[in-house]
Amino acid sequence: MIKLTKLNGDACYLNPGLFEMIETVPDTLITMANGRKYYVRESAVVVTERVEAYRAHVLARARDLPHLAWESALPPSFEEE
């Protein structure tokens, strides 16, 4: 989730994986995959930068998980020899 600011000054957290579109009309309007729309104070550029930072953080956290912990769930044909 990324933290943004509604036009009234309240903080909100949105899931960037559900963003369908970001527009500047002139305020920044985020349209979600379910059709809901949110106006935020941050510019489209700032929202995009926060999405990129969020995704980089998720990837970095995944990289730091215990090495190959997921391999125990793989069928034998996928195991390295």
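Which residue of β5 is the bridge partner of Ile 30? In β5, that partner is Tyr 38. The close-ups below show a predicted model, in which local features need pLDDT of at least 70, side-chain atom pairs count only at pLDDT 80 or more, and totals for chains, interfaces and linings use all residues. Residues are numbered from 1 along each chain as its sequence is written, and side-chain values use heavy atoms, with hydrogens and water left out.

**View 1. Strand β4 and its two neighbours.** Helices (H or I, at least four residues) and strands (E, at least two) are DSSP runs, numbered from the N terminus; two strands pair if DSSP finds at least two bridges between them. β3 (residues 19-24) pairs with β4 in the antiparallel sense over 5 bridges, and Met 21 stands opposite Thr 31 in β4. The hairpin of β3 and β4 has 3 residues between the strands. β4 and β5 also run antiparallel, joined by 4 bridges. In their hairpin, with 4 residues between the strands, Gly 35 takes a positive phi near 95 degrees.

View 2. Buried means under 20% relative accessible area, exposed over 50%, and partly exposed in between (1.4 Å probe, protein chains only). Because 5 of the 5 residues of β4 (residues 28-32) are buried, the strand is largely enclosed by the rest of the structure. Thr 28, Ile 30 and Met 32 lie on one side, Leu 29 and Thr 31 on the other, and both faces are covered.

**View 3. The hairpin of β1 and β2.** β1 (residues 2-5) and β2 pair in the antiparallel sense over 4 bridges; Ala 11 in β2 is the bridge partner of Thr 5. There are 5 residues between the strands, and Gly 9 in the turn has a positive phi of about 100 degrees. Cys 12 and Leu 14 form the covered face of β2 (residues 11-14), Ala 11 and Tyr 13 the uncovered one.

View 4. Ser 43 is found in the loop between β5 (37-40) and α1 (44-63) and is partly exposed, with a relative accessible area of 33%. Its C-alpha is 9.6 Å from that of Pro 26, 17 residues apart in sequence. In α1, Ala 44, Val 47 and Val 51 are buried. They cover an arc of only 60 degrees around the axis (taken from the directions from the helix axis to the C-beta atoms), which puts them on the same side of α1. The face turned away from this buried side carries the exposed residues Val 45, Glu 52 and Arg 63.
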